[in-house]
Amino acid sequence: PPRAISLDLDDTLWPMMPVLKHAEAMLADWLRQHAPATAAWLDPETRARLRRAVIDDHPHKLHDVGFIRHELIRRGLTAAGEDPALADPAYQVFFDARQQVALYADVRPVLARWSQRVPLVVLTNGNADIRRVGLQEFFRGSVSAHEIGCAKPDARAFHAVCDIAGCEPGDVLHIGDDPALDVAGAQAAGLQAAWLLRAEFAGRHAADAATVTPFSDLHELDAEFNRLVSNSSEPFRQE
């Protein structure tokens, strides 16, 4: 059994697309009020083109989704002839809305049980804040790509989790929704890994599901942990 657990956030603890759509809508509403020329100019195709340009100009910032979003807004304001300083409050509107997530029903009960037994650590390539989404009580700490300068599947991100948990990589289990970034990345870094494939995303990774057995929710993972504990002399609990 693991001595610590790290968890991805988006599409693992909550569905990501509704959050992004809400944040995009809130940003669009704000721009229509405070930067109408930019709101009219920034159609989906233009946003996609600006995003590609930002990434091309700042490849060293690929891990920092907040920077990319802020710079996209700033360039949009500039191109539309409006004040680029409005990028700061505009991005804050987006960021605040991005924290308004709807947790899956299994998240709180399972995290409550696990946090009483082993250290839990967040590992995310996004910029959700566990304090803002109300999950800080369960976690010892968090590792965000924009804060450490690298993103999954970089081994340094996984090893940062191990440092917070105070465990060797082989004693840490990482759980996430992406078979490449989360599962393969964790295993390459020496961690244990579990693939959490929610039913709504089953079609997204059909080919991977043929070779890697996913778990459908946290309750199923919890049952597996309990089975491991019952068959092991190693305690599934905090030191």
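There are three aromatic pairs in the structure, where rings of Phe, Tyr and Trp (its six-membered ring) pair if their centres lie within 6.5 Å. Tyr91, Phe94 and Phe95 belong to one aromatic cluster. The model is predicted, so local features need pLDDT of at least 70 and side-chain atom pairs count only at pLDDT 80 or more, while totals for chains, interfaces and linings use all residues. Residues are numbered from 1 along each chain as its sequence is written, and side-chain values use heavy atoms, with hydrogens and water left out.

Charges over rings are listed next. A charge sits over a ring if NZ of Lys or CZ of Arg is within 6 Å of the ring centre and within 35 degrees of the ring normal.

| Charged residue | Ring | Distance to ring centre |
|---|---|---|
| Lysine 61 | Phenylalanine 67 | 5.1 Å |
| Arginine 198 | Tyrosine 104 | 3.9 Å |

The structure holds zero disulfides, a disulfide being a pair of cysteine sulfur atoms within 2.5 Å. Cysteine 167 is accordingly in no disulfide. Cysteine 162 has a relative accessible area of 3% and is buried; cysteine 167, at 16%, also counts as buried. Buried means under 20% relative accessible area, exposed over 50%, and partly exposed in between (1.4 Å probe, protein chains only).

The remaining part concerns the sheet. Helices (H or I, at least four residues) and strands (E, at least two) are DSSP runs, numbered from the N terminus. Two strands pair if DSSP finds at least two bridges between them. Five strands form an open sheet with parallel pairing, in the order 3-2-1-4-5. Its edges are strand 3 (141-144) and strand 5 (192-195), each of which pairs on one side only. From one strand to the next, the twist averages 20°; axes are lines fitted to C-alpha atoms, for helices over the stretch in contact, and angles run from 0 to 180 degrees between N-to-C directions.

Strand 1 (residues 4-7) runs parallel to strand 2 (residues 120-124) and is joined to strand 2 by three bridges. Isoleucine 5 is opposite leucine 120 of strand 2.

Two helices pack on the sheet, contact meaning heavy atoms within 4.5 Å. Helix 8 (residues 155-165) touches strand 1, strand 2, strand 3 and strand 4 (172-176), and its direction makes about 160° with that of strand 2. Helix 9 (residues 179-188) touches strand 4 and strand 5, with its direction at about 160° to that of strand 5.

Terms used
Rings of Phe, Tyr and Trp (its six-membered ring) pair if their centres lie within 6.5 Å; planes under 30 degrees apart count as stacked, over 60 as edge-to-face and the rest as tilted.
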